[in-house]
Amino acid sequence: MASTVNRIKTTTKISPMLDEYYASMAHFDCVAWCMGPSGYELMNGAGVSCFQAESSSARIAGGQAATPFIEYGQARGVSPDMCSYAKINLGLVLAELDERWDMIDERYRLNPPDLVVAGNICPSMMQWAHVLGQIYHVPVFILDYPFCYDSDLDVLRDNAKYIREQLENLKEFLLKCSGQKEFRGETLMNQMAACREMDFYQQNIGEMLRTVPAPASFIDNAFSMTPAISMKNEKAANFYKEFMEEMIERVKTGTSSISNERYRIMWRGNFPWFKIGFLSRLLAKYDALLVSGCYGTHIHQDSPANRLIPPDGFDLKDPIWGMACFGLGGGYVSNYEDKWKSEFVSQIENFSIDAVIIQAPHTCRPWTLTSRELCQRVEDTYGIPCIVLEADHTDPAYFNDAQVETRIKALLETVDARREEKARKAAAETDEFDF
Amino acid sequence: MATVNRLQCTAKISPMLDEYYASMAHYDCVAWCMGPSAYEMMGAAGVSCFQAESSSARIAGGHDATPFIEYGQARGVSPDMCSYAKINIGLVLAQQDGRWDMIKERYRLNPPNLIVAGNICPSMMQWAHLLGQIYHVPVFIIDYPFAYDSSIEALTANAKYIRAQLEKLKDFLLKCSGQKEFNWDMLREQTACVREMSLYQRSISRLFQVVPAPASFIDSAVSMVPAISMKNQKAADFYKEFMLEMLDRAANGIGSLDNERYRIMWRGNFPWFKISFLSKLFAKYDALLVSGEYGVYGLEERVGNKIIPPDGFDLNDPLWTIAAGGAGGGYIASYESKWKSEFTQYINGYSIDAVIIQAPHTCRPWTLTTREFAQRVNDELGIPCIVLEADHTDPAYFNDAQVETRVKALLETVDARREEKAKKDAEREAMLNGEL
Amino acid sequence: MDVKNCTLQELLKEFAYRAHEPADAANAWKAKTGGKVIGIAGLDVPEPLIHAAGMLPVVLLDRDEAVTLANAHVEMHQCGYIRSLVDQAMKGELQYCDELLFHDCCHIVRMLGDAMHTFCDKIKKVQFIYLPPLLEYETAQKYAMKEMRKLRKRLEAIAGNPITDEALAASIKVYNTQKKLLIELYDIRRAYPGILKAVDVSNVVAAGMCMPKEDHIELLKRLIELLEPEKAKPVSTAIPVVVHGSLCERCDDYVLNDIEATGGVIVDDDLYVGSRYFNTLYDETIAPMDAIHKAYIKRVSPCPTRYEERNPGDYLADMVKNANAKGIIMVVVKFCEAHDYFYFTAHRRFQDLKIPEMLVETEHDSAPEGQLKTRLQGFFESMEV
Amino acid sequence: MIFAGIDIGSTTTEVVLLDENKKILATSQVLTGFALEEAAEKAFAICCEQVGCTRADILYSVSTGYGRELVLAEFADEQYTEIACHAKGANYWFPEARGVIDIGGQDSKAIAINDVGGITGFAMNDKCAAGTGRFLDVMAGIMGLDVGEMGRQSLLATKPVLVSSICTVFAESEVISLLSKKGTDPHDIMAGIHESVVRRVNMLVQKAQLIPPIVMSGGVAKNAGVVKAFEDVLKTKILIPEDPQSIGALGAAILARNKYFSKNNLN
């Protein structure tokens, strides 16, 4: 029988809060387009507002409006195999340059960039930024995040120092672009204080998802990433506090996210944003719930940032150092073993996971590579069934409802099979401590 | 010489406790408890509970322990007995002899109607038996099996055994109080509150990881009592306030010391009569206690969490919750799980510079293997560690000067290691810059 | 073989053999010297460091055979190079390498190297060098230098002997000799279109990436000698074009052949197994470490995985002009994402400059039927009007 | 004078005979099958019979289509791609045309042409079958209709559904799940299928920067549904030559005639 879903109420506040925030950004007349981790925290202090290209693409995809832009770009030399975040954005950009207003919904209109900042964490970001720079004839700044093939603390520190130096340069670059004289340190400080507070609430929220039955769905959690990424102010912190308090209340009273939680699932990878609704309905239909994942919850004990600046990667006396250390953590720049530890072990061992789904986005090859090894490793190490779900974050062409449902159904059937087997084994040994 | 910035909210503890104890007055059936004796169940069975150890600690904290210890000793109480018991028994004897002259009002005891003890160390069970003999009241012992096998299966089996005993305790309590029905709603409500507390306490212990630490671990140790004694919404709200005050400090980078240079883990219970001496001593050398297993609740390695993931609570079955919680803590844990639950989990993530192990003279279960642990901290984690011979409540075993010397030496070792590290880093940097 | 007296055909056969069977040369070298062989992935691995340590660097190229074992591990939407490399590893074809050294020439390749040992137990943990892609950023340049020093230390440990500056300088000389000879060969090809088939040129370069440099140099000298008489013969009348692409792998033979079978002749290239491998010389007037570092940040051909302000379209447009070519064929390996952006930028520039351009997408072990030929012929037909 | 063009496609082979004034003397169409020579032989025989000549009377002939090289020795003096030939063929019927869309069984092409039918630019699909005749065949199979019928029925659609999948295999299951969804009108699905083909081919049209008037050649030009979908997307009337399949062969014949003239400096 299908479960009913009991969403976290606080999440309804997100979009009005974001709208309000974006409105408050309007007064900046210098806009940076950002892709990848691009030192957002520095922007406002330097008089620059930042527009996140991926979020915008995700939004378009969420509005089921991605395909026309993807195809428009493709007709003009954009490869179908590019990261779909970029595909959508470039398609939209080209359509705007060709003044194809007929095909662009009002709310997707872009505000041309005065500068572009990108973090080099995958094959796309850096080149995507370069393309935009060429198109708009605006300056581009790239932040390089070195690949942590060696997670020795000294090496990590070297890398963090390297990133810090770049962030210092970015600061100067931003000031040059915005024409602002002085960098407003206190803006950054306040943001950092807010970030640490948020971080704390998010840790608790993430931890409470461990409760059985889970008080919320991990989708609620992933959904609520944006304020943390985009806003970084007291308002955002309060949002997470409220989120946390709603969770505590639910944990305390044993209130659950779905009425009949029978399968607890870990989700690895980013989400097909255009199918979020479909996914949570689909899972609820089978009494399954996403309770953990590595996307959106960047926090884990052994993340490089936490190792360099214990415990949580914040250094309020030297916020840029904190940012630099944080840059080492990303899923793309960490090595295979660290990935396994941070994205799988810490999740599976703490969240009473019954099954794991690895999303392999067709147009995000860094995520996808090794997904099968990780899948096998989950099976071998924990005896938990795991599937690799080929889909995509924002390109609908690579998502097939029927197929996905079949795969997930099969996964849950495997869980049942293993449970029965376990029960049979348990029945075999009589329990001497039943009083 | 750092100045100490204590948490505001700790000031609320004693008034809160007084209020609570007052609210307990209407019970005319009092149980004396020692060790983990399922306090949660008492209220629901119409019994109020008096914690013997807390009372002894309070007396020691008030620097009034010695007379009672000596009074007892003169009457055959061994000096090597657990000092919690020594003080309590001395006090009991003094009261029996009507020696009101030596008993401050606030230490006076309400004789027990029954006694409940948890068998976790050589003392509790015998102590309870002895009191039973003195007061001619029924005694109930909860046995906590030694968890030599820390597999989930074994621990679950132990929990079932404990649970079965709690069922019997329930009937025992009702018989003593004469109350008809066991008040399950009250127990569930309490359990929910305890779970809420545990959420806050988990966060609090995580906030101790922040550098500089927003509070001293001593603050949280002295804040144990509400969690142990009162298990209601008031207590939960207190820990929430505690957490938020720490968070606010963490978010703004405010530390408990204005100049935190050494972060120390403390293993074992505290010499309650020397709490302020210790915190002054540490502050003098810019050192701060930031972690320890004593009085901290609900962290990863807690056995209950393994039996009932994630946090040891089953709101539909409070007795199971209590049983699971008791199936493997402190004294009854095996050496290996002690290493994990009492050391590594309070060192990893806490940026610990040094570890101090308190070996209470009159608490032999604590003391045994302390040297092995000290060695292991040094060898496996590369952190300097000392064993400090003292006691939880007997002032006879504490020497201020000696303690200061030991602590000072410890911190000097930390300095030495830091210099060593700095030298290595410089060499490495030179290589990278092509200067070698 | 007898290099001194061989014919052009024999020599080209030798190059082809060396290009396709790297293991033979490597094992022979091992037997002779007892040194270690380092398999390297990525154009920017500072080879002279390995050479100077007395070890043999062998560039790991994709192998022109069907991927079988790897399909169980690597999705079809990973590039052919990745899939082929895993396949070779699993088939035990990389066993002649004592160590693998990966430069993250792209995020996927580096992740591959990092996970190689999980794909197949025949491979132990892979060595890395991380060279920041920001060639024009001073901070990144410094980082690259430090990373190269780290690598030098690690290579010394592997080789079991120090890498002296003298040895390094000597190695740099050897590499420059090879590079200069290849540059000379390309000059000849530009001057005498069709004097060598594109496939042969590809083999010549590939051989140079796999076999010991000293031996390759001997073969090259002989080749240039043997080309003298060929210059007298009439040059090709087909339409001269430049080929760009295949950035980590050999440009498939069928692509080169189809181009030259449907009315075109390749007069210059910007291929990995082509000019990209040798067109950046080491500066012998500065300290050897600086020379290696400079070669990295001051490269001749722009790379999609590196970041430079310049528009790659301009570089290729100049190449077309200097080679008197009529158009350019862009060979993009499917799922080489960085290249997709590079192509997009270049493509737009070619449109501005009115340079005829055609995109050819290649996929490992799935050669097209008639389609490619039709498109190429159509391309050349359209250039006739 | 008789000139011939032969178009050997994956499914059918066409031959067209012209005289010196580019007057069409005969056309033929046969299934290609496996033996290309036989098909060519047959196609030529039919035409020659119509005109009452033998292959020896043909002065010059050009082959095109994917089999163009294989029959070169036996049946043709020269070979050109379908691209060049469709350009010429389309120009023959519509001199004003500046673009040609050819959706073949294996591949689709968009060709930009000038006033004399010369190629000024073109785009052609990659290996993927999406946006080709094959894609339509597969989809028609699922709908249980033949391509032509699906084309006619799709005109009854009220609001076409979006078929977002590109890959034929993906699209297949997508369409099936669409069919199984209650309340979806099959006509809307058919229209959706055509739109998806057109969306793909339209990308080629954009790549080659085609401008109207645009001619559509090849068998799919007979599919009313696809043509309509194109007219909707391109917002222009699509010109359909009579007998669109033979455009390739026709173009080849014209090229044969022109080549012969230039070789012998006639005009």
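The centres of domain 1 of chain D and domain 2 of chain D, taken over C-alpha atoms, are separated by 27 Å. Please keep in mind that this is a predicted model. As for where the bounds fall, domain 1 of chain D covers 1-94 + 243-267, and domain 2 covers 96-240.

How many residues does each domain put into the contact? Domain 1 of chain D gives 16 residues, and domain 2 of chain D gives 25 residues. On the domain 1 side, the most comes from helix α3 of chain D, residues 82-93, which supplies nine residues. Sorted by class, that side of domain 1 of chain D, the one touching domain 2, holds seven nonpolar, seven polar and two charged residues.

Now chain D as a whole. Its secondary structure amounts to nine helices and 10 strands. Along the principal axes, the C-alpha atoms of chain D fill a box of roughly 65 × 35 × 30 Å. What about the radius of gyration? For chain D it is 19 Å, and this agrees with a compact globule, because one with 267 residues would have a radius near 18 Å.

Of the 267 residues of chain D, 52% count as buried. Then the contacts: taking those in chain D between residues at least 6 apart in sequence, 68% join residues at least 24 apart.

Next, the chains against each other. Five pairs of chains are in contact, and of these, chains A and C share the most contacts. Chain B and chain D, on the other hand, do not touch, and their nearest C-alpha atoms lie 41 Å apart.

Let me stay with chains A and C. Here 37 residues of chain A are in contact with 39 residues of chain C. Which elements of chain A supply at least two residues each to the side that touches chain C? They are α6 (125-136), β4 (140-144), α7 (153-178), α16 (365-368) and α17 (371-382) of chain A. The largest share of that side comes from α6(A), with six residues. By class, the residues on the side of chain A that touches chain C divide into 18 nonpolar, 13 polar and six charged.

That is what I have. Questions, please.

Notes: Residues are numbered from 1 along each chain as its sequence is written. Chains are lettered from A and ligands numbered from 1 in the order in which they are written. This is a predicted model: local features need pLDDT of at least 70, side-chain atom pairs count only at pLDDT 80 or more; totals for chains, interfaces and linings use all residues. Two residues are in contact if their C-beta atoms, placed from the backbone, lie within 7 Å. Helices (H or I, at least four residues) and strands (E, at least two) are DSSP runs, numbered from the N terminus. Ala, Val, Leu, Ile, Met, Phe, Trp, Tyr, Cys and Pro count as nonpolar, Asp, Glu, Lys and Arg as charged, and the others, Gly among them, as polar. The radius of gyration is taken over C-alpha atoms; the globule rule is 2.2 Å times the number of residues to the power 0.38. A residue is buried if 20 or more other C-beta atoms lie within 10 Å of its own, exposed if 12 or fewer, and partly exposed in between; C-beta atoms are placed from the backbone. Domain bounds come from an automatic or database domain assignment.
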